[in-house]
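Try each task before you read its solution.

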Amino acid sequence: MKRGDIIRYVDMTIAEGFSIQRGMNFNIANKDYGIILMSVRPNAPYADRFEDNGTTIIYEGHDVQKNFAPNGADPKTIDQPMTIPSGSLCENGKFFTAAKEYQAGKPVKLIKVYEKINSGIWVYNGFFRLTDSWIEPSNGRNVFKFRLEMIDDDISATGTETVPTELELEHNRLIPTSVKVEVWKRDRGCCVYCGSKTNLHYDHIIPFSKGGSSTTAANIQLLCATCNLRKHDNIE
């Protein structure tokens, strides 16, 4: 899987080997990396955002589970928890602890990021390093914030860094969410060359390496994997 690949929820769960029911997943199915599901769409449940031209994510922690909220209170009115009632760390606490351990000199925690762009439709944003965490006030309560920094060269599931090809470097140019959403609607969720609705990817019409922009929908299109490779071969 390459950064920029478009994937449906069912395929995402198949790729990861388990049914992803939570937005924050620290260690599941014996994986040595975490997984987060994020969204910066209007009315998203949490205030996630991109910074530094998309290379940094500020990810908001998650609310207390409804069944753990005291007296049936609205989870959005309660401080986000560090632990569950038994005292064990919840996902907020695990991510928070890992970030602080990294700052104390321990190995960084790798986080795989999927971003929701439409109902049931996600984009793989690649691996990020979990580099910081803090708690801040928000609307009368305290919430967790996590800083994740993009890894320029995508890595394997084992954490091994690879030497990227020119096509992979092109894929590593993160496209702003607003552009992804606009292109998805404009191209109707299909490859603009052959009409396929599977194995789709966001493609730069003019390659980034040749001066093409990642920030305008006019230079981004949907291509399937086959047409994407064929187009790249023709450019070369």
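Predicted model: local features only at pLDDT ≥ 70, side-chain atom pairs only at ≥ 80, totals over all residues.

Helices (H or I, at least four residues) and strands (E, at least two) are DSSP runs, numbered from the N terminus. Residues are numbered from 1 along each chain as its sequence is written.

**Exercise 1.** Find the residue just after α1 and describe its phi.

*Solution.* Go to the end of α1. Just after this helix comes G17. G17 takes a positive phi of about 85 degrees.

**Exercise 2.** Which residues of helix α1 are buried, and what do they pack against?

*Solution.* Buried means under 20% relative accessible area, exposed over 50%, partly exposed in between (1.4 Å probe, protein chains only). Step one: take α1, residues 9-16. Its buried residues are M12, T13 and E16. Step two: list the partners. The buried residues of α1 pack against β1 (6-8), β3 (34-38), β6 (109-118) and β7 (121-138).

**Exercise 3.** Locate D187. Is D187 buried or exposed? List its contacts beyond four places in sequence.

*Solution.* Start with the place. D187 is in the loop between α4 (177-186) and β9 (200-204). Next, check the area. D187 has a relative accessible area of 12%, so it is buried. Last, look for contacts (heavy atoms within 4.5 Å). Leaving aside neighbours within four places in sequence, D187 touches V192, Q221 and L222.

Methods: Heavy atoms only, no water.
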